[in-house]
Amino acid sequence: LCEDGILYHTVFKVHCLLPLKNKNLVAVPPSFNYSTDEVKSQGKAYAIISLEEQNPYVKKEGCMAKAVFLDYFGTILQENGVDMQQMLSRVIANSSADDEKKLLAWWMKNLQSLERSARGENYITEEEISLKLLLMAEKEFGLRDDLAELRQMNISGWMYAPIFTDVKRFLEQCERPVYIITNNSDKYVRVCLKRNELHVHGIICGDMVKSYKPNPEIFQKALE
């Protein structure tokens, strides 16, 4: 979020983003090629974004960063926690699914589809989405297991999976206010932050706006 009120999107995730001091943010759509160079300046490391000159999405350069927005799951919290692995293993043990990587890809694809459609009057919570996915696994893979227990494993993963090793250092060194924008409920994010002694300025979650990323409502709320 820059001083002109425009949200600039970078391709970085927190575990590869270095502190930006007196540096400008520009828009970098993920589908475009980019490169980074790490340079040393006065004992601190900075991330420099090099853009293709023909990139039509670069709206403006020279805007000082006002705040930093971070994703949660897969950016702060690792996706391959013990709870998630145990849930996938149980699904494989009690269904026709036989490949954990393929099952995880199936899970994430359908999760994203359900999140995109869960909006406004059609909004459902992440807990409800988790149960829907397990019901889909019953139908598609013949899953026979305690769905409540499996869902709780999934939910536990949102709180207790390990964080990326650079997260704490980044949050301590970042000189701008940091806000988490996440599809997960803030109550789960707060458990993770507390147990890892992490501090952010705020959390914006799907429950607040009855919509999930990549729909715009959650980003509009963050800009407020």
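The paragraphs below lead through a predicted model of a protein, from its overall make-up to a few individual residues.

The secondary structure of this protein comes to eight helices and five strands. Read from the N terminus on, these elements run β-β-β-α-α-α-α-α-β-α-β-α-α. Of the protein's 224 residues, 44% count as buried. Another way to look at the fold is to ask how far apart in sequence the touching residues are: among contacts between residues at least 6 apart in sequence, 67% join residues at least 24 apart.

In general, the strands of a sheet pair through backbone hydrogen bonds, and the pairing can be either parallel or antiparallel. In this model, an open sheet of three strands has the order S3-S4-S5, and its pairing is parallel. Strand S3, which covers residues 68–70, and strand S5, which covers 202–205, stand at the edges with a single partner strand each, so one side of each of them is left without a neighbour in the sheet. Neighbouring strands of this sheet are turned against each other by 25° on average, if direction is ignored.

Strand S4 is made of residues 178–182, and its parallel pairing with S5 runs over four bridges. A disulfide is a covalent bond between the sulfur atoms of two cysteines, and the structure holds zero disulfides.

Helix H6, residues 186–195, lies across S4 and S5, and runs at about 145° to S5. Helix H6 also meets helix H4: the axes of H4 and H6 come within 7 Å and cross at roughly 45°. How are two helices with such a crossing described? With angles under 35 degrees counting as roughly parallel and those from 65 to 115 as roughly perpendicular, H4 and H6 are therefore oblique to each other. On the side of H4, the contact is made by Ile155, Trp158, Met159 and Tyr160, while H6 contributes Tyr188, Val191, Cys192 and Arg195.

Leaving aside neighbours within four places in sequence, Pro162 is in contact with Ile76, Leu77, Gln78, Gly81 and Arg195. Pro162 and Gly81 are 81 residues apart along the chain, yet their C-alpha atoms are separated by 6.3 Å.

Another loop, the one between helix H1 (82–93) and helix H2 (100–117), holds Ser95. Is this serine buried or exposed? With a relative accessible area of 16%, which is under the 20% limit, Ser95 is buried. Its side chain reaches the backbone oxygen of Val91 at 2.5 Å, and a polar atom of the Ser95 side chain lies 3.2 Å from the backbone nitrogen of Ala97. Not counting residues up to four places away in sequence, Ser95 touches Phe141, Gly142 and Leu143.

The last stop is the backbone itself. Most residues other than glycine have a negative phi, and most peptide bonds are trans. Against this background, a few places in the model deserve a second look. Glu197, found in the loop between H6 and S5, has a positive phi of about 55° although it is not a glycine. At 56% relative accessibility, Glu197 counts as exposed. Lys210 has a positive phi of about 55° too, and is likewise not a glycine. The place of Lys210 is in the loop between H7 and H8, and with a relative accessibility of 43% Lys210 counts as partly exposed.

The loop between helix H7 (206–209) and helix H8 (217–223) also holds Pro214. What form does the peptide bond from Lys213 to Pro214 take? That bond is cis, with omega near 10°.

Key. Residues are numbered from 1 along each chain as its sequence is written. This is a predicted model: local features need pLDDT of at least 70, side-chain atom pairs count only at pLDDT 80 or more; totals for chains, interfaces and linings use all residues. Side-chain values use heavy atoms; hydrogens and water are left out. Two strands pair if DSSP finds at least two bridges between them. Axes are lines fitted to C-alpha atoms, for helices over the stretch in contact, and angles run from 0 to 180 degrees between N-to-C directions. Contact means heavy atoms within 4.5 Å. Buried means under 20% relative accessible area, exposed over 50%, partly exposed in between (1.4 Å probe, protein chains only). A disulfide is a pair of cysteine sulfur atoms within 2.5 Å. A polar contact is a pair of N or O atoms within 3.5 Å; within protein, one must be able to donate a hydrogen and the other to accept it, and residues adjacent in sequence count only if both atoms are side-chain atoms. Angles under 35 degrees count as roughly parallel, over 145 as roughly antiparallel, 65 to 115 as roughly perpendicular and the rest as oblique.
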